[in-house]
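Please look over the following notes with the structure open beside you.

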Amino acid sequence: MYSRAGCHLCDDARGVVAAVCADAGEAWREVDIDADPGLVERYGDYVPVVEVDGVQQGFWRVDAARLARRLDRGPGGKRT
């Protein structure tokens with residue numbers, strides 16, 4: 001999840017991502033875009049941005065059901 005400090009949407013998304021990943025038994029990490037000018041340029045005000053295996057799943061509001069479905073799929077989008 002790409003985020004920044006002081007972002008209320010990031011705070012909301014963090015809880016959703018943590019809960020969905022815990023249920024799926026998946027690890028996740030958070031990246032502060034403000035620590036990297038390239039990420040600030042790339043994401044700007046679109047944080048939070050959630051990616052799974054390098055594929056953007058959404059931004060601003062995280063859809064827990066969509067994220068859970070994506071985590072339930074293996075490489076190439078096939079069900080595991």
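1. The largest pocket is lined by 19 residues, and A27, W28, E51, V52 and D53 are those nearest its centre. A pocket here is an open set of points on a 1 Å grid over the protein atoms alone, where a 1.4 Å probe fits, with protein on both sides within 12 Å along at least five of seven lines, and lining residues have an atom within 4 Å of a point. This is a predicted model, in which local features need pLDDT of at least 70 and side-chain atom pairs pLDDT 80 or more, while totals for chains, interfaces and linings use all residues. Residues are numbered from 1 along each chain, and side-chain values use heavy atoms, without hydrogens and water.

2. Two or more lining residues come from each of α1 (8-24), β3 (49-52) and α3 (64-71), and β3 gives the largest share, four residues. Helices (H or I, at least four residues) and strands (E, at least two) are DSSP runs, numbered from the N terminus.

3. V50 lies in strand β3, and V50 counts as buried because its relative accessibility is 7%, where buried means under 20%, exposed over 50% and partly exposed in between, with a 1.4 Å probe and protein chains only. The C-alpha atoms of V50 and R70 are separated by 11 Å, although the two residues are 20 residues apart along the chain.

4. F59, in strand β4 (residues 55-59), is partly exposed, since its relative accessible area is 33%.
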